[in-house]
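Please look through the sequence and the structure before reading on.

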Amino acid sequence: MVKKQTVWLLTMLSLLIVLSVYYMTSPENGEMAFIQEEDWAEMTSEEAEGENVETAGDGTVISQISTDELFSAIRLDMKNQRDQVQEQLSEIVASSDFTTEEKNEALEKMETIKTNQSKESIIENTILASAQYDDVLVRAEDDVVHVTVKAQELSKEDTNQIIQMVSDEFGHKQVQVQFQPAG
């Protein structure tokens, strides 16, 4: 049993090293640029030419990014953040500088992240299958689960049904349901 654990640990360490080297040597260096809301307000109409934006009468820049792209960007950002956290937790587990308790805590956090990802996917697929929505985005953060539905409108009955589905999957967490107009 000890040999299996050793082989597994060495395999994971080598995988971590390979991924780290890839990350460090990749041309984009793993960084992605996202424009923050504050930055949108600072953009001028001259800078915005050629981009998919409009300027309102008061000079505020309005994004014309589609909901599909927005959901994809949020999913990608969530995945990148979770990957970074898991990488840090893997380093804790692999390091000899940490106590057994700290390593066990890191393993528990890694398992929680994987469980939340799985539950988010299940809820997204369940909501998509149960109703006529174009897309669904579920984000579990600490004690709150955020659900954003791409739809023209969202009735109270639909909202209650979504809250019930999330509560069945995640347990006793606060659920926030929003909708993004499809279009």
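Helices (H or I, at least four residues) and strands (E, at least two) are DSSP runs, numbered from the N terminus. The model is predicted, so local features need pLDDT of at least 70 and side-chain atom pairs count only at pLDDT 80 or more, while totals for chains, interfaces and linings use all residues. Residues are numbered from 1 along each chain as its sequence is written, and side-chain values use heavy atoms, without hydrogens and water.

**A buried arginine**

Arg139 lies in strand β3, residues 135–141. Buried means under 20% relative accessible area, exposed over 50%, and partly exposed in between (1.4 Å probe, protein chains only). A salt bridge is a side-chain nitrogen of Lys or Arg within 4 Å of a carboxyl oxygen of Asp or Glu. Arg139 is buried but has no salt bridge; Glu141, the nearest side chain of opposite charge, is 4.4 Å away. For charge, Lys and Arg count as positive and Asp and Glu as negative; His and the chain ends are not counted. Leaving out residues up to four places away in sequence, Arg139 has contacts (heavy atoms within 4.5 Å) that include Glu120, Val145 and His146.

**Salt bridges**

The whole structure holds 5 salt bridges, among them these:

| Glu124 | Arg75 | 3.8 Å |

Asp83 and Lys79 are separated by about one helical turn because they are 4 residues apart in helix α4. Glu124 counts as buried because its relative accessibility is 14%, whereas Arg75, at 26%, counts as partly exposed. Arg75, Glu124 and Asp135 are linked in a network of salt bridges.

**Nonpolar cores and a surface patch**

A nonpolar core is a set of buried Ala, Val, Leu, Ile, Met, Phe, Trp, Tyr and Cys residues joined through side-chain atoms within 4.5 Å. The largest has 16 residues, and Ile123, Tyr133 and Val145 are among those touching the most other members. Helix α6 (156–170) gives the most to this core, with 4 residues.

Trp8, Leu9, Met12, Leu15 and Leu19 make a nonpolar surface patch of about 470 Å². Patches are made of residues with over 30% relative accessible area and no salt bridge: like charges are joined within 9 Å, nonpolar side chains (Val, Leu, Ile, Met, Phe, Trp, Tyr) within 5 Å. Areas come from the Shrake-Rupley method with a 1.4 Å probe; for residues, only the protein chains shown count as cover.
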